[in-house]
Structures are given as structure tokens and as C-alpha cells.
There are 2 protein chains.
Amino acid sequence: MTFSRSSSITFFILALFAVLINPAISSRASSFIKPPRRSSIASYCESWRLAAETNNAGTWKVVPSQCENYVKNYINGGQFDKDYDVVASYAIAYAKTVKLGRDGKDAWVFDIDETLLSNIEYYKAHGYGSQPYDNTLFNEWVVKGTAPGFDASLRLYKALKKLGFTIILLTGRDESQRSITEKNLRDVGYFGWNRLLLRGKNDQGKAATQYKSEQRSKVVKEGYKIHGNTGDQWSDLQGFAVAARSFKVPNPMYYIP
Amino acid sequence: MTFSRSSSITFFILALFAVLINPAISSRASSFIKPPRRSSIASYCESWRLAAETNNAGTWKVVPSQCENYVKNYINGGQFDKDYDVVASYAIAYAKTVKLGRDGKDAWVFDIDETLLSNIEYYKAHGYGSQPYDNTLFNEWVVKGTAPGFDASLRLYKALKKLGFTIILLTGRDESQRSITEKNLRDVGYFGWNRLLLRGKNDQGKAATQYKSEQRSKVVKEGYKIHGNTGDQWSDLQGFAVAARSFKVPNPMYYIP
């Protein structure tokens, strides 16, 4: 979720230029398509959320403004937690079928933001994703180190540890946020990970799919088998050196390409 | 959706054997995981459907029995059609951003069953996917050639034709069903496809992902660029020679590995 400020500016200038020379590109990046006729707002937002979760919506910058309330109700009304919990149950059911070796090379990869740690408190104060992403404000929130865990993720994490998986944490957070991230994770109950991989100097400006694939690839070259991967973004799960099974946890608030 | 009878029997025997020697495998193939505590049936089925649509549920054989009514209401109540329509709109918005060459090599791949043609009428008579798949009965339905199209798919198909895309149809249906499939497609309004690829002798028993990837690969080797792919199954969209953008249309009734 974090990008360096300079790469954000470069991206913005490039994106603006691309739109100026080709107006069609702006629609590609749009999070809004015309709602079907005879469709209520709630019904449209339901379809929009499914399209976002299944990656049909492609790159989207903000939650469509008419869906802010829908997302708020989905997050706070209990269905979000239930959806999350069912994904964790499927992941545990799968993990139990994996035959682990004795070499400690059976790995499970976790993303952090919106996967192990919840930034919902931050997004509540910023329109549930209907306001454009603000890198400065978001990082101010991150360094507080007060993000809660998700009950379902804690349940999955503990089950995987008990089964003997080697846990690899792979995040788009910056290397400079290592200590606060580790403290935050421990404070809410995560423990005993094999390593925490953050964006270093050479990873700045890379698309998340590329950066995360490269990191997984290094892990695989060390002899690990990545049996499972859990993330809230498709860019956590796709690319190369992908896991045998990937689990997409719900996140209707933002999209990282 | 169609497998040869002999390969179905072989698969069944292998699957039974696998379950007998390793009871854990049965849970891997299960479509049912324990609903979260304090969760209503509707709420659980909502989570189940999202897990199925995002491929978190993995391989599942039947709709969980307690969700038959939920699926029935989702399909007939209008939300299914709206979800479908929004996917079509995203696909059209993307297609409009593609810069087509003049060589006719800009391709879009479509699956057929539950993508261009609807078998909902068949599934209505068979518990909306809550009854185990019956290859014989399903093929009896297919050869009637009376499957309707989906409004949203017709809209997408026509838009792509108008934009100049070369349409490739790629189905798990058997080569023996070529004529009736072509007639059925034409009857409901599809026209002008470049080719219809069906399972031939050498494709029997292959997993859908493998078979479809091989077919796409041949198309790519002919010099086509596969810009888009539309299917109701992840096995339509994943594997190798994948499209630049894939669009997963909803199908809560069955899963093809």
C-alpha cells in the first residue's frame, strides 16, 4: 500500500501524460462503469464489489462514490467478517491436506495490510476507500503501529503454525517500517514467522505483482515449496512463483495493481 | 462441462481410491466447510458464493445442500443477471481501450456453457447444482440445442464484433456436438466467429485448464494476440497462454477443475 513519494509523483506525471495523449486510457483505470438500467444503487454496488473481488473490474482508484455507504455497511454489518472467516476455513481445510516434509521448507506466504493487519480504522476516517489514496496520511497511520489483527487471519495463522508451516511475510510496506510493523504484528498476536520481506531500495516503483513475484521466486530458489498464499490483492497472488493454492481475502476498499 | 463416460469412471475410481488411502483428501474436494458460528444460512451461502467466485473454495462437486434455495433465489431474483451485466460492461470498457491492428489477429476468447449459452433451464430441473453432475442427462440436454443466450454476453459479443475483434470459441463440449452447438449459437444471435474449438480425440480426460491452455497456445503460435477471455470457470482463464485481461462471469452452480 505504500509507495515512495517520488515514484508516486513520477507515476502521476506519466499517468497524466498517458491520458492526455490517449483519452481511452482514462476509462481503463476507471472504477465506475454505468450501472445497468433498472438497477438499484445497492444492487449495482453488490455487482461492483463482486467484479472487484474477482478482478473483473481491473485497476480502480477509488470506490465508486455512490457505493461508499454500501461498503461501510458491508464492512461494519458483519458480512465482511463472515466472508473473511469462510476464506480462512477453506485455507485451513486445504492446509490440512498438505503432506509436510521434515526439512522446514513447507512455506505459506502472507501479505500484511488488510490480510494480517486491519487498516479499517484508517479507512473509516477516509470514506471507506471512496477518497483518493493519500500516501503521507496512510504512512502516518502505519507508523502508529496500532492496526488490529483480523480474527480469521489469526485463526488461520495459528492453525498453520500448529501444522508446521514456515511462515513468510511479504508486504509492500517500506524497509524503513520494519520495526514498527514487527511490533504491531507481535502486539496483536502473530509470532514465529521465518522472515518479513519489505520493499528495499531496489524495489521502489515496481508494480506489486512484479516485486512480490521476485521475492517469492527467491524463496523458491532457496528450496521452499510455497503451498499457500493469502492476500487481499490479486497482485499478492498472481505473477510468477505463485503458490499451489492462493486465497484472496475480501477488500472492497482499495486496489493495488 | 462434458467428459467422456470412460474418463469419468476412471476419475471416480481414482478419486475413491485416493479417499480410501488418505481421508484428508475428501475435505480438499468438499464444497462444504463448517459455517461460522452466529451465521445465518443466507449469510453463510453469501460467503460460500464469494469463495466459489474468487476460487477460494477450490474444487467443489455440488452446491452445499443448505444453499440450494439461496442459489435459486440469486439466479432467479435478478442479482445474477446484474452481476453478469456489470462484468460485460467492464469487458467492453476494456475492449474499447485496445488498439487493434489491421491484420485481424486481435482475438477474444469465449467459453460456451454458462458464458455464451445458458444451461440454467437444465440446472433448474436438477437442484441448481446441488445434485451431482450427471454426464448422460446433461448431454441429452446439450443435443436438444435449445439453450438460450445471456443478454449480457450477446451485448458483449456484438460490441466486440463491432470493434473488430476476432472471436475464438473454446469449449469443453465434445467434437461430436459441433453441429448442434453451432446451430444453437446461431439460433440465439451469435455470428461470425473465427473458429469453434471443441474437445477432440486427443483431448479426452485432460483437465480443462490444460486442454484450454493448449488450445490458446496454438492460437497464439498462429500470431494472434489474445486481448480478452470470458468464461464462467477459472479453468477457462488460468494456465498458460492466458489473455491480457480475463473476465470471470458468475456461475454459482458448478465447478470444473
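Two strands are taken to pair if DSSP finds at least two bridges between them, and by that criterion strand β1 (residues 106-110) of chain A and β2(A) pair in the parallel sense over four bridges. This is a predicted model, in which local features need pLDDT of at least 70 and side-chain atom pairs count only at pLDDT 80 or more, while totals for chains, interfaces and linings use all residues. Residues are numbered from 1 along each chain as its sequence is written, chains are lettered from A and ligands numbered from 1 in the order in which they are written, and side-chain values use heavy atoms, with hydrogens and water left out.

**Chain A overall**

- Chain A holds eleven helices and five strands, where helices (H or I, at least four residues) and strands (E, at least two) are DSSP runs numbered from the N terminus.
- Of the 257 residues in chain A, 55% are buried, buried meaning under 20% relative accessible area, exposed over 50% and partly exposed in between, with a 1.4 Å probe and protein chains only.
- Among the contacts in chain A with a separation of 6 or more, 73% come from residues 24 or more positions apart, a contact being heavy atoms within 4.5 Å.

**The sheet of chain A**

- The five strands form an open sheet in the order β3-β2-β1-β4-β5 (chain A), with parallel pairing; its edge strands are β3 and β5 (245-248) of chain A, each of which pairs on one side only.
- From one strand to the next the twist averages 20°, with axes being lines fitted to C-alpha atoms, for helices over the stretch in contact, and angles running from 0 to 180 degrees between N-to-C directions.
- Strand β2 (residues 166-174) of chain A is joined to β3(A) by four bridges, and these two strands run parallel.
- A:I168 of β2(A) stands opposite A:V109, and A:I168 also stands opposite A:R195 in β3(A).
- All five of the five residues of strand β3 (residues 195-199) of chain A are buried, so this strand is largely enclosed by the rest of the structure.

**Helices against the sheet**

- A right-handed β-α-β unit is made by β2(A), helix α9 (residues 178-187) of chain A and β3(A); a crossover is right-handed if, with the strands pointing away from the viewer, the path from the first strand over the helix to the second runs clockwise.
- Helix α10 (residues 208-221) of chain A lies across β2, β3 and β4 (225-231) of chain A, and runs at about 150° to β2(A).

**Disulfides**

- Over all chains, a search of the whole structure finds two disulfides, each defined as a pair of cysteine sulfur atoms within 2.5 Å.
- In chain A, a disulfide joins A:C45 to A:C67 with an S to S distance of 2.1 Å, and the pair links distant parts of the chain, 22 residues apart, with A:C45 in helix α3 (residues 41-53) and A:C67 in the loop between α3 and α4 (68-76).
- The torsion about the S-S bond of A:C45 and A:C67 is about -90°, so this disulfide is left-handed, and both A:C45 and A:C67 are buried.
- In chain B, B:C45 is joined to B:C67 (S to S 2.1 Å), and with -90° about the S-S bond this link is left-handed; both B:C45 and B:C67 are buried.

**Nonpolar core**

- The largest nonpolar core has 120 residues, and those with the most contacts inside it are A:W108, A:L169, B:W108 and B:L169; such a core is a set of buried Ala, Val, Leu, Ile, Met, Phe, Trp, Tyr and Cys residues joined through side-chain atoms within 4.5 Å.
- Not counting residues up to four places away in sequence, B:W108 touches residues including B:A91, B:Y94, B:L160, B:F165 and B:F247.
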